[in-house]
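Hi there,

Here is the structure I promised to hand over. Have a look at it first, and then read on for what turned up in it.

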Amino acid sequence: MGLLDENTAALQQIVDSRCTTVLTMNVKTIAVYVLGFFFTVFLCNGVYTLFRPLSQPRILSEFIVGLFLTHVPFIRKEINSEELNKTLNYLADFGMVCHMFVLGLEIDHCIFFQPPTGETKVACTGMISTFILSFAVTSFLQVPDVQNTEFNLSLSVILSGTASPLLTRLITDLKIGKSDIGRFVVSTGVQSDMISTLLLAIGFLIFDPMKHFELRKSQVIIAMLSTLAVEMLMAAKLTPLLMNWVNNENPEGKPMKGSHLILSVAFVVFVCGCSPTIAGFNSMLSAFLAGLFMPREGRISKMMIAKINYFLTTIFYPLLFFWVGAEVHLTGFEGNHFRPWTRLCFLLLIATVGKVVGTMVTGVMLGFHWLESGSIGLLLNIKGHLQVYLAIIAAKNKIVSTSSSMAMLVGIFLTIIFEPLVVAQIIERARKRSPTQRMALQWLDPTNELRILLCLQGPQNVTSAINFMEISRGTPDPGIMVYVTDMIELTDRIASTVAHGEGMDAVTVTDQGVMDMREQITKEIQTYLDEDGEGINLRRTLALATINNLHQDISILAEDLLVSLLVVPFHKHQQADGKLNIGHSGFRHVNRKVLRHAPCSVGILVDRGLGSINRISRSGVSLYAAVIFIGGKDDREALAYAGRVALHHGVKLTVTRFLLDANSDNNGSSRPGRPRANTSEQEEEMKLDDECFAEFYDKHVARGRVAYMEKYLVNSGQTFSALRSMEGQYGLFIVGRGGGRVNSVLTAGMNDWEECPELGPIGDILSASDFSTTASILIIQQHSLKGELAGLDDEFSIM
């Protein structure tokens with residue numbers, strides 16, 4: 001009995017000792033893990049801030065921080081422990097499964113069933129040329145220690161691919177996401193990434209990378225293929241049923257039920273885990289294939305994409321490079337030898353040359369300029385997280401040496417570093433191609449003909465358009481050139497009647513309704529010109545596109561015709577009671593886009609009586625018009641247009657200047673004062689305002705052509721009252737949209753309750769339903785040079 005007690009006590013002592021050791025090791029592991037995570041995320045943010053002026057992406061700072069932290073001696077010592085090493089491996093594997101699942105979920109698999117587009121052709125030719133060049137050269141580089149054709153095939157596929165998530169984020173951050181080349185590159189990168197990943201999945205089916213790429217047995221291939229087929233069938237057919245039911249049970253705006261969320265996540269995990277669990281297929285590739293065939297729309301899918309991307313960005317990617325640093329030994333690069341540098345240079349050169357050559361060949365066939373084709377190839381050469389992960393896994397499994405693995409890593413990051421330089425060159429070329437001439441009335445040479453693009457939505461705009469031409473005609477020499485353009489929304493019915501030709505009238509619409517409308521407009525305008533069209537030259541044009549793209553057709557017309565003023569009708573029309581109806585929301589979006597992208601000055605004409613005047617006569621005053629001048633480039637442009645109106649004998653024009661009463665006191669007395677300029681730019685704006693108004697005053701007011709009034713105001717409340725006091729006195733107001741105003745105190749707060757921001761604060765008040773029902777308003781925005789491309793907020797074309 002005593003012996004038994006002694007043995008029990010000894011056993012208990014051993015157990016306690018082991019538990020204490022395990023507990024101590026786990027505490028150390030957790031401490032190092034928490035410390036590493038905290039410093040990794042914190043330092044990543046700091047280093048990213050340092051690199052941001054150089055436009056370098058976040059992945060670069062994550063790599064540097066991960067490499068630095070893991071080579072700090074006391075952290076390095078703990079990393080070598082088996083527990084922490086296992087934890088980091090599990091995290092890396094789990095994170096990459098999530099990364100690949102979201103990658104597949106964000107790609108539309110319907111690309112397979114669509115005719116090949118330009119993006120598809122560029123993606124395929126870039127991959128093929130890179131693959132051929134890589135397979136021909138890598139065998140001589142001896143990347144694996146033992147020559148292996150299957151590995152060279154895999155490496156060639158990896159070099160042919162594109163890290164589309166990183167490319168998309170980079171294109172957006174560098175502010176060319178709305179350009180034609182930006183959209184093209186993103187779409188091409190996604191297709192390249194999808195094709196390369198599918199090829200890797202096929203390669204994994206046939207070869208076993210864990211056994212030196214040994215050819216799998218036919219039974220294993222059939223088992224993997226069968227489970228993959230079942231998995232993709234479940235993803236494509238069963239997942240939509242479940243997701244639709246969950247989405248219907250949890251409509252937008254209501255909290256998601258926890259049970260439904262758990263059920264959805266569990267089903268997704270079940271689908272993604274079928275082939276790895278049953279047949280031993282790779283879990284990352286399985287997650288990608290499952291995500292590829294799952295529906296992208298719906299609340300659940302969008303929530304998964306958002307939450308997983310947040311996890312990847314904030315937690316996983318920093319930890320991934322902590323894991324990379326833990327697996328990398330800097331001394332293993334063998335930099336004192338020639339071969340590692342040869343591998344590095346040739347791997348980078350192969351991937352770059354292959355992509356550029358492939359895209360340039362296809363670019364020539366598609367009609368791209370060679371510089372743009374080369375830029376596309378360089379951008380598509382970017383590699384990212386998947387390639388980093390595979391390079392480390394290859395070294396861990398002794399497929400390649402540590403030296404080769406590090407050469408791959410350095411090559412990957414070199415493909416990332418020069419991407420901002422490529423984008424900078426794209427923006428620079430776009431700036432050089434963008435118009436440098438100020439297409440505005442203020443800068444128009446008086447001896448040159450004024451060119452106007454006058455857009456009409458239909459016959460209801462004809463009378464106001466005729467009267468607008470009449471008051472804008474100026475003197476017969478040099479006169480005006482008016483391009484009257486019909487804005488036609490391209491519907492399926494109209495699209496079936498479109499015939500294409502050449503020249504200015506490249507598109508002809510044979511739809512009877514459109515033909516009758518255009519003929520009616522042409523007849524009325526021609527009648528006006530036949531009666532009294534001296535000094536007016538007219539051409540008829542057509543802008544035909546969907547509502548989303550109509551602004552592009554209008555802007556292209558304006559650019560091709562070199563017009564100085566583009567006039568579009570307001571989207572609301574006057575009713576019988578004098579009020580404006582709710583209008584066509586589609587044309588409102590067209591107007592707002594035209595304001596952003598037009599290559600010239602833009603005017604929006606709110607017709608509330610200008611179209612009811614049968615004809616503005618030149619024998620007597622038939623229209624009283626007013627110009628509101630507060631200041632800024634838009635008001636200067638409005639004043640420049642008013643100078644032409646002042647030449648018309650049938651218009652009595654009054655210019656009212658709102659000035660800031662900067663010296664008002666509590667006794668109610670006021671003296672005119674000049675507002676204080678806070679910056680040199682504001683001082684310059686005020687100087688331009690004074691010079692512009694002084695010139696207008698000398699030309700028109702001093703000669704008695706135009707009446708002049710001044711109003712000294714303190715704030716926007718008085719501005720509103722002053723505008724209301726003008727109600728009923730004028731049939732047309734000419735105002736600037738409000739850009740560049742220094743006297744912002746006179747309009748401060750008005751933007752908060754604007755009904756139509758595209759009209760500006762003054763135009764919005766004058767066009768309000770409780771203002772005069774007989775006063776039309778012309779709101780003018782001056783053209784800004786596109787040489788100042790900001791990128792993200794600008795749509796520019798370069799291809």
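**Pockets, cavities and a sheet**

Two helices, α23 (633-645) and α24 (680-701), each supply at least two residues of the lining of the second largest pocket. Of these, α24 gives the largest share of that lining, with seven residues. The pocket has a volume of about 730 Å³. Its lining counts 24 residues, and those nearest the centre are Leu441, Pro446, Ala640, Glu695 and Lys699. Sorted by class, the lining of this second largest pocket has 11 nonpolar, six polar and seven charged residues.

Before going further, some background. Please keep in mind that this is a predicted model. The protein has 799 residues, and 49% of them are buried. It holds 26 helices and 14 strands. If you take the contacts between residues at least 6 apart in sequence, 79% of them join residues at least 24 apart.

**The largest pocket**

The largest pocket has a volume of about 990 Å³. Its lining is made of 42 residues, and the closest to the centre are Ser154, Ile158, Leu200, Phe213 and Leu390. Which helices each supply at least two residues of this lining? They are α4, α6, α8, α11 (283-293), α13 (338-366), α15 and α16 (402-417). By class, the lining of the largest pocket has 30 nonpolar, eight polar and four charged residues.

**Two cavities**

Rolling a probe the size of a water molecule over the atoms shows where empty space is left. For this model the count comes to two cavities of 30 Å³ or more.

The largest cavity has a volume of about 70 Å³. Around it stand His99, Leu103, Thr162, Ala163, Pro165, Leu166, Asp193, His385, Leu386 and Gln387. At least two lining residues each come from α4 (82-105), α7 (164-173) and α15 (385-396), and α15 has the largest share with three. The classes here are five nonpolar, four polar and one charged.

The second largest cavity holds about 40 Å³ of space. Its lining consists of Val157, Ile158, Gly161, Thr162, Asp193, Ser196, Thr197, Leu200, Leu386, Gln387 and Leu390. You will find Thr162, Asp193, Leu386 and Gln387 in the linings of both cavities. The helices α6 (149-160), α8 (180-206) and α15 each supply at least two residues to the second largest cavity, with the largest share, four residues, coming from α8. By class, that lining has five nonpolar, five polar and one charged residues.

There is also a link back to the largest pocket: Ile158, Leu200 and Leu390, which are among the residues closest to its centre, line the second largest cavity too.

**The sheet**

Strands of a sheet pair through backbone hydrogen bonds, either parallel or antiparallel. In this protein, 10 strands form an open sheet of mixed pairing, in the order β7-β4-β3-β8-β9-β14-β13-β10-β11-β12. The edges are taken by β7 (536-545) and β12 (706-713), each with a single partner strand, so one side of each has no neighbour in the sheet. On average, neighbouring strands of this sheet are turned by 20° against each other, direction ignored.

Two helices pack over the β7 side. Helix α20 (residues 512-532) lies across β3 (450-456), β4 (480-489) and β7, and runs at about 165° to β7. Helix α21 (residues 550-561) packs on the sheet as well, touching β3, β4, β7 and β8 (565-569), and its direction makes about 150° with that of β7.

Is β8 enclosed or open? Five of its five residues are buried, so β8 is largely enclosed by the rest of the structure. In a regular strand the side chains alternate between the two faces of the sheet. Along β8, Leu565, Val567 and Pro569 point one way and Leu566 and Val568 the other, and all are buried. On one side, β8 runs parallel to β3, joined by three bridges, where Ile452 has Leu565 as its bridge partner. The pairing of β8 with β9 (residues 601-606) is also parallel, over five bridges, and there Leu565 stands opposite Ser601.

Terms used
Residues are numbered from 1 along each chain as its sequence is written. This is a predicted model: local features need pLDDT of at least 70, side-chain atom pairs count only at pLDDT 80 or more; totals for chains, interfaces and linings use all residues. Side-chain values use heavy atoms; hydrogens and water are left out. On a 1 Å grid over the protein atoms alone, a cavity is a set of points where a 1.4 Å probe fits but cannot get out, and a pocket is an open set with protein on both sides within 12 Å along at least five of seven lines; lining residues have an atom within 4 Å of a point. Grid points are joined across faces, edges and corners, and a volume is the space filled by probe spheres set on the points. Ala, Val, Leu, Ile, Met, Phe, Trp, Tyr, Cys and Pro count as nonpolar, Asp, Glu, Lys and Arg as charged, and the others, Gly among them, as polar. Two strands pair if DSSP finds at least two bridges between them. Axes are lines fitted to C-alpha atoms, for helices over the stretch in contact, and angles run from 0 to 180 degrees between N-to-C directions. Contact means heavy atoms within 4.5 Å. Buried means under 20% relative accessible area, exposed over 50%, partly exposed in between (1.4 Å probe, protein chains only).
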